[in-house]
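Here are my notes on this model, point by point. Please read them with the structure open.

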Amino acid sequence: MNLKSQFATITMSQELFHSSTPLELESGEILTEFDLSYTTYGELNEDGSNVIWVIHALTGDSNAADWWNGLIGEDKFFDPSRHFIICANLLGSCYGSTSPLSVNPATGNTFYYDFPELTTRDLAASLERLRVHLSIEKIHTLIGGSLGGQVGLEWAYLLGKRLSNAVILASTSKSSPWVIGLNEAQRMAIEADQSWGDKKEDAGIKGLEAARAVAMLSYRHPDDFQNKQLDTEEKLDGFRASSYVRYQGNKITKRFNALSYWILSKTMDSHDLGRKRGGHQKALSEIQARILAIGVNSDLLFLPEESRLISQHAKKGTYKEINSTAGHDAFLIEFEQLSYFLQSFYLENK
Ligand SMILES: CC(=O)SCCNC(=O)CCNC(=O)[C@H](O)C(C)(C)COP(=O)(O)OP(=O)(O)OC[C@H]1O[C@@H](n2cnc3c(N)ncnc32)[C@H](O)[C@@H]1OP(=O)(O)O
Ligand SMILES: N[C@@H](CCO)C(=O)O
């Protein structure tokens, strides 16, 4: 389906929100001002009841109808002719929001390595600023996967009764040691790049290439490699799997930045919905919104048990599981199953 031609009839806009009120971060540091780049599709209806707020994952951007084109678009589950869909590029990311490559207002120089540590709670607080700026009183559904799901849980906690439904995909309420270890290995790859530490835009880029290759092993499943990367001929070198991870490593360097990757992967590590709230299970039970937690049976990064736990501790929780060999990234791929789960969830909770 040609989304471009369909979107010709639908309001879509790309904006930059500037917050000049200082944002006090969990670390105690302060961002004196920040920008969030965001995209909206469709229009807010009269009673403000049609807001779908999408939160992207680690390397996503605000163009949700591009990377989630099986879920967002005309005749898709979230349709801009009915819904007002918003997605903001997360703070720290390199697609238009304030990031390590932005100018530090305190010094007049680019932040680079002086960029403050961010938590998922800080990212939720920055989204809350945008909500207030847009005078959005209530959110029908907040939806996000992976890091987007972590931020989604933090924001759901904060939003209270303003939020009706939170759809949390392939995510967790507290990052596991496994996730932290995987992210540390990726940051080690970045830090091993001799250009890491240089004050330039492409610092650590070769390291990022290796980091993404490692990350791909956690985003896919051995069965997916078996299906797609098996060499049929006998050989000693030049394996398909090698060329695949190298290709993916190279691909990320053309669209992402090592400093943003480093910052956001740290954000993922420190995620704990229960910090200073008596634990993540208790915090989950205090979320007012209905929660649909969707796990992926082949997810090796955020295990399906972690999604199930979200639904079990939520006051009003539902669990569904995507059946796929795609691994963690199935939440970006298995649109048919996702649409079906969403439809049943809304029907059951009318
Ligand atoms: C500006 C922007 O582009 S922002 C994009 C926003 N991105 C995001 O939001 C991140 C989320 N998206 C993603 O992570 C991914 O796009 C996904 C998970 C949805 C899909 O991942 P993909 O990389 O497209 O799928 P997959 O793992 O099957 O890999 C296919 C690619 O690997 C290539 N490939 C497959 N096998 C091999 C191999 N053995 N050797 C070399 N290349 C290979 C394919 O040719 C294909 O290349 P292409 O991406 O240039 O078309
Ligand atoms: N593959 C996705 C998901 C990571 O959790 C991304 O790059 O953002």
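**Notes on the predicted model**

1. In this predicted model, the end C-alpha atoms of residues 51–333 lie 23 Å apart. The span is 39% helix and 13% strand. Helices (H or I, at least four residues) and strands (E, at least two) are DSSP runs, numbered from the N terminus. UniProt, in an unreviewed entry, places the feature "domain: AB hydrolase-1" at these residues, 51–333. Such annotations may be inferred rather than shown by experiment, and positions follow the numbering used here, with feature names shortened.

2. Residues are numbered from 1 along each chain as its sequence is written, and chains are lettered from A and ligands numbered from 1 in written order. Local features need pLDDT of at least 70, side-chain atom pairs count only at pLDDT 80 or more, and totals for chains, interfaces and linings use all residues.

3. Strand S8 covers residues 163–169. Six of its seven residues are buried (20 or more other C-beta atoms within 10 Å of the residue's own, C-beta atoms being placed from the backbone).

4. S8 pairs with two strands (pairing takes at least two DSSP bridges). Strand S7 (residues 139–145) runs parallel to S8, joined by six bridges; Leu 142 is partnered by Ala 166 of S8. Strand S9 (residues 290–296) is also parallel to S8, with five bridges. There, Ile 168 has Ala 293 of S9 as its bridge partner.

5. S7, helix H4 (residues 147–159) and S8 form a right-handed β-α-β unit: with the strands pointing away from the viewer, the path from the first strand over the helix to the second runs clockwise.

6. Which residues surround ligand 2? They are Ala 57, Leu 58, Thr 59, Gly 60, Ser 146, Leu 147, Tyr 219 and Asp 329 (C-beta atom, placed from the backbone, within 6 Å).

Definitions and conventions: A residue is buried if 20 or more other C-beta atoms lie within 10 Å of its own, exposed if 12 or fewer, and partly exposed in between; C-beta atoms are placed from the backbone.
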